Amino acid sequence: EVLAEESIVCLQKALNHLREIWELIGIPEDQRLQRTEVVKKHIKELLDMMIAEEESLKERLIKSISVCQKELNTLCSELRVEPFQKMKTGSKSYDKKEYYPKQALWVLSYPEAAYTEPTKIATSEEMSQKLEYQECKVQFRTRPDIYWWMELRGGYIVGHCKSDLSEDTSKDEMKHGEEGETTILQLEKDLRTQVELMRKQKKERKQELKLLQEQDQELCEILCTPHYDIDSASVPSLEELNQFRQHVATLRETKASRYEEFVSIKRQIILCMEELDHTPDTSFERDVVCEDEDAFCLSLENIATLQKLLRQLEMQKSQNEAVCEGLRAQIRELWDRLQIPEEEREAVATIMSGSKAKVRKALQLEVDRLEELKMQNLKKVIEAIRVELAQYWDQCFYSQEQREAFAPFHAEDYTENLLQLHDAEIVRLRNYYEAHRELFEG
């Protein structure tokens with residue numbers, strides 16, 4: 001009303017000023033009326049234009065509210081949260097229970113008197129990494145001018161309220177309409193703000209989903225496992241994201257465990273191959289030994305094949321060691337029979353230990369050399385065996401009749417066949433003695 005009175009006074013002053021100008025100029029009365037009509041028309045058009053602009057603003061705000069509300073409902077559905085609702089207090093006290101993510105919770109109030117319970121729920125230091133949910137309870141005091149709404153943004157809550165419980169409350173804080181009702185302007189702003197916040201939350205969830213899918217794809221390719229089943233077209237819930245994070249973390253642990261096992265087995269395989277002088281001859285062996293460790297597929301099948309390869313190489317290594325020991329025993333026996341001098345024996349001392357392929361080859365060459373030498377010295381070798389036979393006869397307490405039973409002992413035709421008969425007899429006696437050693441030595 002004051003503004004209207006001031007506007008009328010201003011208009012009257014302007015018209016009086018115009019009349020004075022027209023009188024000084026000498027404009028006739030009928031023209032003054034015409035000019036006054038023009039002034040009125042201009043003022044009316046200006047007011048009509050202003051009204052139209054404000055009506056247009058109102059319509060835009062209403063349309064924006066409708067659009068924001070639809071988008072907000074869609075976002076709430078996608079994010080799986082409760083829809084945004086404006087709440088007006090009644091004439092009685094009530095309790096409001098809602099569920100919110102536990103990441104970070106705040107309830108901020110302007111006048112403390114508006115609440116009957118402490119308003120702070122949690123601090124940022126108490127933020128939980130797990131996306132669980134907890135119940136929070138907020139009580140309101142009965143006042144028709146308390147307005148409350150919530151803004152959810154990635155798990156934090158901000159509460160706004162105003163109250164005239166105190167006469168010192170500034171009028172500037174009264175952003176909402178009287179009797180607890182919100183204005184169109186404020187509602188549009190609140191909805192638009194809420195939409196922006198939820199858009200951001202949706203974007204953050206989609207970005208995290210994309211990042212987790214990229215990590216899952218990389219890990220699945222290395223571990224040769226199927227990808228995590230999640231709908232990439234929709235917005236994941238906080239629980240789904242948490243489950244996805246746990247799945248990716250499990251894959252990382254599996255990768256680390258298998259990689260450690262792979263490196264350990266690979267090291268043993270390389271040592272066995274060096275010992276056997278074995279060159280990788282299959283594509284799998286080349287992948288294990290020659291390719292980059294990070295490029296190896298850590299599937300359960302590959303790990304099992306790796307373990308099988310190691311067992312095969314270790315078996316070959318054991319067999320090779322047994323062969324080498326057998327060759328060394330032959331060499332020592334031939335040395336004794338051929339009465340090889342000590343200095344000649346020391347010349348081949350380097351091959352008397354180890355079981356590498358080159359050592360085995362050298363041992364075999366030495367055995368072949370000694371066998372050839374043995375054939376060249378049959379008489380000397382046979383006589384040496386006869387001495388050994390006599391020792392075993394004594395140790396086994398053989399009678400004269402038992403000794404004479406081996407007729408080749410007295411033969412003087414030193415042939416290869418005679419040597420073989422003596423070799424067979426010494427082996428038989430040696431085994432017989434070893435089987436009854438305790439009896440003979442007791």
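These legends describe close-up views of a predicted model.

**View 1. Y228 and F244 form a stacked aromatic pair.**
The model has 9 aromatic pairs by the ring-distance rule. In the pair of Y228 and F244, the ring centres lie 4.4 Å apart, with 15° between the planes. Y228 lies in the loop between α3 (184-223) and α4 (238-276), and F244 lies in helix α4, so the contact ties together parts that are 16 residues apart in sequence. Y228 is partly exposed, with a relative accessible area of 25%. F244 is buried, at 0% relative accessibility.

**View 2. Y432 and F440 form a tilted aromatic pair.**
Here the distance is 5.8 Å centre to centre, and the planes are 50° apart. Y432 is partly exposed at 33% relative accessible area. F440 counts as buried, with 15% relative accessibility. Both rings belong to a cluster, in which ring pairs link Y392, F397, Y432, Y433 and F440.

**View 3. The charged end of R386 sits over the ring of F409.**
The distance from this charged end to the ring centre of F409 is 5.7 Å.

In the model, residues 184-218 are 100% helix and 0% strand. The end C-alpha atoms of this segment are 51 Å apart. Residues 303-330 are likewise 100% helix and 0% strand. For residues 303-330, the end C-alpha atoms are 41 Å apart.

**View 4. Five residues form a nonpolar surface patch.**
The patch is made of L46, L47, M49, M50 and I51. Together these residues have about 470 Å² of accessible area. One of them, I51, is found in helix α2, which spans residues 29-79.

**View 5. R80 has a positive phi.**
The phi of R80 is near 60°, and R80 is a residue other than glycine. R80 lies in the loop between α2 and β1 (87-88). R80 counts as partly exposed, at 46% relative accessibility.

**View 6. C224 has a positive phi in the loop between α3 and α4.**
Phi is about 55° at C224, although C224 is not a glycine. C224 is partly exposed, with a relative accessible area of 45%.

Terms used:
Residues are numbered from 1 along each chain as its sequence is written. This is a predicted model: local features need pLDDT of at least 70, side-chain atom pairs count only at pLDDT 80 or more; totals for chains, interfaces and linings use all residues. Side-chain values use heavy atoms; hydrogens and water are left out. Rings of Phe, Tyr and Trp (its six-membered ring) pair if their centres lie within 6.5 Å; planes under 30 degrees apart count as stacked, over 60 as edge-to-face and the rest as tilted. Helices (H or I, at least four residues) and strands (E, at least two) are DSSP runs, numbered from the N terminus. Buried means under 20% relative accessible area, exposed over 50%, partly exposed in between (1.4 Å probe, protein chains only). A charge sits over a ring if NZ of Lys or CZ of Arg is within 6 Å of the ring centre and within 35 degrees of the ring normal. Patches are made of residues with over 30% relative accessible area and no salt bridge: like charges are joined within 9 Å, nonpolar side chains (Val, Leu, Ile, Met, Phe, Trp, Tyr) within 5 Å. Accessible areas come from the Shrake-Rupley method with a 1.4 Å probe; for residues, only the protein chains shown count as cover. A salt bridge is a side-chain nitrogen of Lys or Arg within 4 Å of a carboxyl oxygen of Asp or Glu.
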